[in-house]
2 protein chains.
Amino acid sequence: MAVEGSAAARVTMRDVALAARVSTATVSKVINERPDVGPEVRRRVADTITRLGYRPNAVARGLRSRHTETIAILTDDLEGIFTTALMRGVEDAASAYDVSVVLANTYGDPERERKHLRRLLDRQTDGLIIMSGNRVRARSGPALPLPGTPYVFLYEHGSTEAVPSVLPDDRGGAALAARHLIDIGRRRIGFINGPAGWDATVDRLHGFEETMRAAGRAVDPAIVRPTASWAPADGYATALALLDSADPPDALFCASDDLATGVLAALHDRGLRIPRDVAVVGFDDRSLAVHQRPPLTTVALPLLEMGRIAGRLLLEAVNGAPQRHEVHTVPCELRVRASTVD
Amino acid sequence: MAVEGSAAARVTMRDVALAARVSTATVSKVINERPDVGPEVRRRVADTITRLGYRPNAVARGLRSRHTETIAILTDDLEGIFTTALMRGVEDAASAYDVSVVLANTYGDPERERKHLRRLLDRQTDGLIIMSGNRVRARSGPALPLPGTPYVFLYEHGSTEAVPSVLPDDRGGAALAARHLIDIGRRRIGFINGPAGWDATVDRLHGFEETMRAAGRAVDPAIVRPTASWAPADGYATALALLDSADPPDALFCASDDLATGVLAALHDRGLRIPRDVAVVGFDDRSLAVHQRPPLTTVALPLLEMGRIAGRLLLEAVNGAPQRHEVHTVPCELRVRASTVD
DNA sequence: CTGAAAGCGCTTACAG
DNA sequence: CTGAAAGCGCTTACAG
């Protein structure tokens, strides 16, 4: 049994070479699985490596080979509402490739971004994921040119560079919600959308309208409303307004779980039964969705999968795959719970 | 103006030495601010560095000097409820030292932990922060011995090792809440605590009881209740039970914001006015606290500060400070909002 | 005060 | 198939 990481100086390739009576070049070849080593020598070296508990020094390797098997996540908001799920996806993908992930938080400050980027380049980081944890939108390229270091946008997109971005399919997600409400037999479906000026808001409205029209349903502007913010209070107020309208809806699709939370409260305060009187669908699938009463049917953002895809795209680029300005749109998933189906 | 990171091969120390007509040793000394360089030569070298836009290669430097200016966060749950705030603190501290932070997510699986640790050691990571994002408790040491690599526990604590841990002052936090409710003149203060078996639950109960007694208040077990979980539904049910008791409370301290959210709903359903009839205090200061109606007075967990302290402790250890088995308890802060004060 | 030399631990042509 | 040699880009005694 090898004494992993004993207090003594770490075993080096030289030690292995000496013990196996070969050159370090040969040890290196065995480690890197090069074909030009005889089977007998290969076995002897492999055995010695195991016996001594040898592990190649990644820093030395990086100096020679110029890649460090490290990527970085550069984000403007480490505490963004979707950050951790996205990060977990990236970390998953990287781990599968045996690559480490460095975290860099810029606070949206170009000077900090530059500082981080310099540091990351100094460390020969193989590639970068430039990520927003909050809000999909276009951003400019990195605050520093990154010659030879590929990067990928996650949950945001670049304007012009030949760089891929990974985004949720907000349009398809809204379509799922509309489809579901139609399928469970709702006659009058309202949409409480988020604030204007967000990509998500525009895309979700498209998906909603398209699906309604494709199903031969009119979209009544009277019950399709944007809100001033994503907060529950706006969902609450908007729901009351719709319920008080001449022809109130029997279903409400909300562009976020937070809005839906407010809607649920409004229905509750009005003494309406959910879903019998009004069915409610949210968007995001944040943890609060499942804890609502009743638990909230919602459209889940594919954050984990988005992170994984971004990680994989980046690692492929690091390994030489060509980069393109291309948007990867990841499908959302409908999670049906008691707010629409008894 | 230097052409930072031009597509051409990066400027090396050799280039600087040649251009400044000195040896690389001298360039190295200038960069590392060694005293044994003449003022004139120092200036010439510094100018050349600026002119050529030279940046030392951190990988080469790491190979020689054996430290990489990189630390890692090892966590069992990257999506833990408090993870991002803690990470941001660590990242802040590390950035201030010009140190990078690597992310390693173990999912609580020892095999994954070992794999990550091996990788981190291979990369000569200078130190580790072993962190829980969920729950304070004792954990065993790292899944692999880390000879010569210091580490610090964050939001959890080790059992025996000579290793510091950084924890929130749950006891003091509960004391702040009790003190506040006493100060605003409440006569009958109840406590809806979280589930048994949590460090936080035990500590918060102590803090609450101590403060009450110190103020000459009886602690009536009838209105001090643990819950089965931290979820709002348990806050709701427990609040109703307390309100229905013979002598109902005029103040409720809740051991989490989620519990308090349920309590608010219960008071609302009973038609009670907040804070006039019942004042409510939560714990954690999650973002939902400020969005309650009324906004929730709560005890803020000092997550950011905890992360910063852990980062600093680790970096000091990396720089040779001796490590001890010592618990750093970081004070919580009371955030007063409309659920206790009109 | 300055520099020549060795070396950190690997990998990579290249010779045999 | 195997190994001697050079070198990745630095830092560190050490000599002068």
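Predicted model: local features only at pLDDT ≥ 70, side-chain atom pairs only at ≥ 80, totals over all residues.
**Stop 1: confidence**

Color chain A by pLDDT. The mean pLDDT of chain A is 92, and 98% of its residues reach 70 or more. Now select residues 1-7 of chain A. Here pLDDT stays under 50, and the model has 14 contacts beyond four places in sequence for this stretch.

**Stop 2: DNA strand C**

Show DNA strand C and the 24 residues around it. Which of them come nearest? They are A:Met13, A:Ser28, B:Ser23, B:Ala25 and B:Gly38. Next, select helix 2 (24-31) and helix 4 (58-65) in chain A, then helix 2 (24-31) and helix 4 (58-65) in chain B. Each of these helices supplies at least two residues of the surface near DNA strand C. Helix 4 of chain A has the largest share, five residues. Color that surface by class: eleven residues are nonpolar, nine are polar and four are charged.

**Stop 3: DNA strand D**

Move to DNA strand D. Of the 24 residues around DNA strand D, the nearest are A:Ser23, A:Ala25, A:Gly38, B:Met13 and B:Ser28. Keep the helices selected. Which helix gives the most here? Helix 4 of chain B does, with five residues. By class, the surface near DNA strand D has eleven nonpolar, nine polar and four charged residues.

**Stop 4: helix 4 of chain A**

Zoom in on helix 4 of chain A. Select A:Ala58, A:Val59, A:Arg61 and A:Gly62, which are buried. Why do they sit on the same side of helix 4 of chain A? They cover an arc of only 160 degrees around the axis, and this puts them on one side of the helix. As background, an α-helix has 3.6 residues a turn, so residues three or four places apart point the same way. Bring chain B into view. The buried residues of helix 4 of chain A pack against helix 4 and helix 6 (110-122) of chain B. Then step just past the end of helix 4 of chain A to A:Arg66. A:Arg66 takes a positive phi of about 75 degrees.

**Stop 5: where the chains meet**

Select the contacts between the two protein chains. 40 residues of chain A are in contact with 40 residues of chain B. On the chain A side, helix 4, helix 5 (83-96), strand 2 (100-105) and helix 6 (110-122) give two or more residues each. Helix 5 of chain A gives the most, with six residues. By class, this side of chain A has 19 nonpolar, eleven polar and ten charged residues.

**Stop 6: strand 2, across and within chains**

Show strand 2 of both chains. Strand 2 of chain A and strand 2 (residues 100-105) of chain B run antiparallel, joined by three bridges. Find A:Val102, which stands opposite B:Val102. Now stay in chain A. Strand 1 (residues 70-75) pairs with strand 2 of chain A in the parallel sense, over six bridges. A:Thr70 has A:Ser100 as its bridge partner.

Buried or exposed: what are the residues of strand 2 of chain A? Six of its six residues are buried. A:Ser100, A:Val102 and A:Ala104 point one way, while A:Val101, A:Leu103 and A:Asn105 point the other way.

**Stop 7: B:Thr149**

Switch to chain B and select B:Thr149. B:Thr149 lies in the loop between strand 4 (138-139) and strand 5 (151-154) of chain B. It counts as buried because it has 21 C-beta neighbours inside 10 Å, and the cut-off is 20 or more. Leaving out residues up to four places away in sequence, B:Thr149 touches B:Leu121, B:Thr125, B:Gly127 and B:Leu128. B:Thr149 and B:Val318 are 169 residues apart in sequence, yet 7.7 Å apart in space, C-alpha to C-alpha.

**Stop 8: the six-stranded sheet of chain B**

Finish on an open sheet of six strands in chain B, in the order 9-8-10-11-12-14, with mixed pairing. Strand 9 (224-225) and strand 14 (333-335) stand at the edges with a single partner strand each, so one side of each has no neighbour in the sheet. Then select strand 11 (residues 279-284) and strand 12 (residues 297-300) of chain B. They pair in the parallel sense over four bridges. Last, pick B:Asp284, which stands opposite B:Ala300 in strand 12 of chain B.

Conventions: Residues numbered from 1 in each chain as written. Chains lettered and ligands numbered in written order. Near = placed C-beta within 6 Å. Nonpolar A, V, L, I, M, F, W, Y, C, P; charged D, E, K, R; others polar. Contact = placed C-beta atoms within 7 Å. Pairing = 2+ DSSP bridges. Buried ≥ 20, exposed ≤ 12 C-beta atoms within 10 Å, placed from the backbone. pLDDT = per-residue confidence, 0-100. Arc of directions from axis to C-beta.
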